[in-house]
Each structure stands twice: as structure tokens, then as C-alpha cells.
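Subject: Structure handover

Hello,

Here is the structure you will be taking over. My notes on what was found follow below it.

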Amino acid sequence: MTEVVVFCVAAALALVGALGVVVSKNPVHSALFLIQTLMGVAVLFVLQEAHFLAAVQVVVYAGAIVILFLFVIMLLGVDKAEDFAVEPIAGQRPLAAVVGGALLAIGLTVMVVAVDGSTGTSATFDPQTGQPAETALDSIGADGQPITDIERIGRVLFSDYALAFEITAALLTIAVIGAVVLTRTVSRGERLDDLEPASFDLPPVAPHDNQPDHDSAGESGA
Amino acid sequence: MELTTTWYLVLSVLMFSIGAVGLLVRRNPLVMFMCVELMLNAVNISFVAFGADLNDVGGQISVFFVLVVAAVEVVVGLALVVAITRRRSDANADDISVLRG
């Protein structure tokens, strides 16, 4: 019963936060609602005994990613409220509602009606040896003691998933290089020709409402 | 009342749909990224729920990699937003059309 109460509170937190992200006019409020959602999800992870993921969720997601969002919002000074009264593309919101409703219906059908739980095979026992599998969540260590969540993840991550882990390292390096290249500015004394063409200044563009290029863009793309 | 995997899956579907609608409706690229994070988190919930259901740590490993990819995506995406906003102060998703050659 306690689990049900904890689930309901955490799920309500997460869902209210998710709605808040979408309907907040101010991006700063959206980021704060996102933290609320992430905390709710972290509680759900603890409820499923994924303690390591819960900690990572709080430290990496709430602590790093959302703070990065807030940094950029403050840096760019875009923390002004968005005007929801104007609908940028005619019929966008009804269409989005239709797509969202369809996603919801498909998801509920697949997840609840068709699958209801999972269709895979349980990893409790290794099919070859018949011994308790190392990947099982209730596996025990060599000393007969139950091993902790973080130890189990560590063992599997650095054996079965070692290659994926190494590729992750490469991905992170590429992302850092990409971020530096993208945000680099032309310094004095440096010739513009040495840089990529994206460094050239675009001509000032009129506010997008009366921008004549919009129609021609569709035609030239077609 | 018993807490079953289905509860987590329903929550996951709800969060995913909210994120998808937000991604389609909002025009501020930063808020659109946050909606993508919502969708990724929804999938993470179902990963962990399936993993717990199957008594397999693989679900948690998947969430670990999703976390890393989400961090990478945010870093590159925000760098793009910064680069675009340098050119035009009020960047929104419609302004991506100026990127055409």
C-alpha cells in the first residue's frame, strides 16, 4: 500500500511538471517544472530499486542538464514570456492535439492492452548453465551476499556493454568539440577566410511576420 | 491495490504524449529541447519498469546510455541555439528557414 501511495505522489509530481513545461510562458519556469518532473522520475526509480539511476538522474539531469538550460536562457536573455495568443501556423495546435491523442491511444493500446507487462524472457537464470544470471536483479555475489545495484551495473557495463561504453566516450568527445566549434567567435586579427562560411554575417532579416522568403523557401525546397 | 508494471507504462505513455505535444506546439527552441527531455524520461521509466519486470539489469543499462545521449544532445543543441541567437536576437523554430543555402 505504501508503494502505491509513493507511486501516485511521484507520478502526479512528474505529470504536473510535464504539463508545466509545456504550458509555461517563461522558459525559466519551464526549466524549473522540468526539475520537478525529473525529481518525480527519480523517486519512481528508487521505488523500482534502481538506486544508482535515481542518483544519476538527480546529479546529471537536474544538476547538470537543467542548469545548462538555465545558463543558456540567462546568457541569451530569452527569458521573456512567449505570446500564446498568436498561432504561428494555421491549424498547428489542433493538429498537435490530434497527433498527441493518437500517440496516447497507440501507446496505451500497445503498452496496456497488447503487452500488459513484458513479453521478453526473464533473466533470472542463465539458459546455458542454469545458474543465476549475472544480469539478474536479484543475483548474489561470490561471497553469497546480495550485490548492490551499482556493483551489478558496473559489472555488466564493463563486460557485456564495454564496446558501447567506449563508443559513448567517443560520442562525448565529439559533442565537446562540436560545441566549441559551434560557439566559437571570430577574434580580431584572424582572417575570416580561414573560417568556415557559416561565420559570415547574414544580412539583417525583417521580423518573421512580414518576411517574404517564406513562400519561396517552400518552392525552392520542393 | 497492487503496484504493477502497467502503472509505470501508463505513466510513461502519458508523459511521452505530453512531451510530444509540447514539441509540436512550442516555438522556443529551448522549451522544445525540454520537451524532448520529457519524452526521453518517459521512455526511461518504461525501460526501468520492463527491467524490473524481467528481473534484468539491461533496462537500467539502457537508461544509462539514454542519459549520456541526452546530455550530448543538449550540449550540441544548446550550442546551435547560441550560434543562431547571435545572428538573430529573437530566434524561434520558424527562423531555421534562414539556414537554407
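Thr85(B) counts as buried because its relative accessibility is 11%; buried means under 20% relative accessible area, exposed over 50%, and partly exposed in between (1.4 Å probe, protein chains only). Thr85(B) lies in helix α3 of chain B, where helices (H or I, at least four residues) and strands (E, at least two) are DSSP runs numbered from the N terminus. The side chain of Thr85(B) reaches the backbone oxygen of Val81(B) at 2.5 Å.

Some conventions before the rest. This is a predicted model, in which local features need pLDDT of at least 70 and side-chain atom pairs count only at pLDDT 80 or more, while totals for chains, interfaces and linings use all residues. Residues are numbered from 1 along each chain as its sequence is written, chains are lettered from A and ligands numbered from 1 in the order in which they are written, and side-chain values use heavy atoms, with hydrogens and water left out.

Chain A

The secondary structure of chain A comes to 7 helices and 0 strands, so that its pattern along the sequence reads α-α-α-α-α-α-α. Of the 222 residues in chain A, 30% are buried. Among the contacts in chain A with a separation of 6 or more, 36% are between residues 24 or more positions apart; contact means heavy atoms within 4.5 Å. Chain A is divided into domain 1 (1-78) and domain 2 (146-186), with bounds that come from an automatic or database domain assignment. The C-alpha centres of these two domains lie 22 Å apart.

The interface

How many residues of chain B are in contact with chain A? The count is 78 residues of chain B, in contact with 95 residues of chain A. The size of an interface is often given as the accessible area lost when the parts come together. Here the area buried between chain B and chain A is about 7700 Å², of which carbon and sulfur atoms give 74%; buried area is the accessible area (1.4 Å probe) that two parts lose on being put together, summed over both. Between the two chains there are 6 residue pairs in polar contact, both residues at pLDDT 80 or more. A polar contact is a pair of N or O atoms within 3.5 Å; within protein, one must be able to donate a hydrogen and the other to accept it, and residues adjacent in sequence count only if both atoms are side-chain atoms. On the side of chain B that touches chain A, α1, α2 and α3 of chain B each supply at least two residues. The helix that gives the most to that side is α3(B), with 24 residues.

The cores

The largest nonpolar core has 48 residues, and those with the most contacts inside it include Phe7(A), Leu34(A), Phe45(A), Tyr8(B) and Met15(B). A nonpolar core is a set of buried Ala, Val, Leu, Ile, Met, Phe, Trp, Tyr and Cys residues joined through side-chain atoms within 4.5 Å. At least two residues of this core come from each of α1 (2-23), α2 (27-47) and α3 (51-76) of chain A and α1 (5-25), α2 (29-54) and α3 (58-87) of chain B. With 10 residues, α3(A) gives the most to this core. A second, separate core of 8 residues includes Val57(B), Ile61(B), Phe64(B) and Phe65(B).

Phe64(B) is found in helix α3 of chain B and is buried, with a relative accessible area of 15%. Leaving aside neighbours within four places in sequence, Phe64(B) is in contact with Phe52(A), Leu53(A), Leu157(A) and Phe165(A).

The salt bridge

A search of the whole structure finds 1 salt bridge over all chains, and the count between chain B and chain A is 0. A salt bridge is a side-chain nitrogen of Lys or Arg within 4 Å of a carboxyl oxygen of Asp or Glu. The side chains of Glu151(A) and Arg155(A) meet in a salt bridge at 3.0 Å, N to O. Both residues lie in helix α5 (residues 149-157) of chain A, 4 residues apart, about one turn of the helix. Glu151(A) counts as partly exposed at 34% relative accessibility, and Arg155(A) counts as partly exposed at 34%.

Two loop residues

Glu49(A) is found in the loop between α2 and α3 of chain A, and its phi is near 60°, a positive value in a residue other than glycine. Asn55(B) lies in the loop between α2 and α3 of chain B, and phi of Asn55(B) is also near 60°. Is each of these residues buried or exposed? Glu49(A) counts as exposed at 57% relative accessibility, whereas Asn55(B) counts as buried at 12%.

Regards
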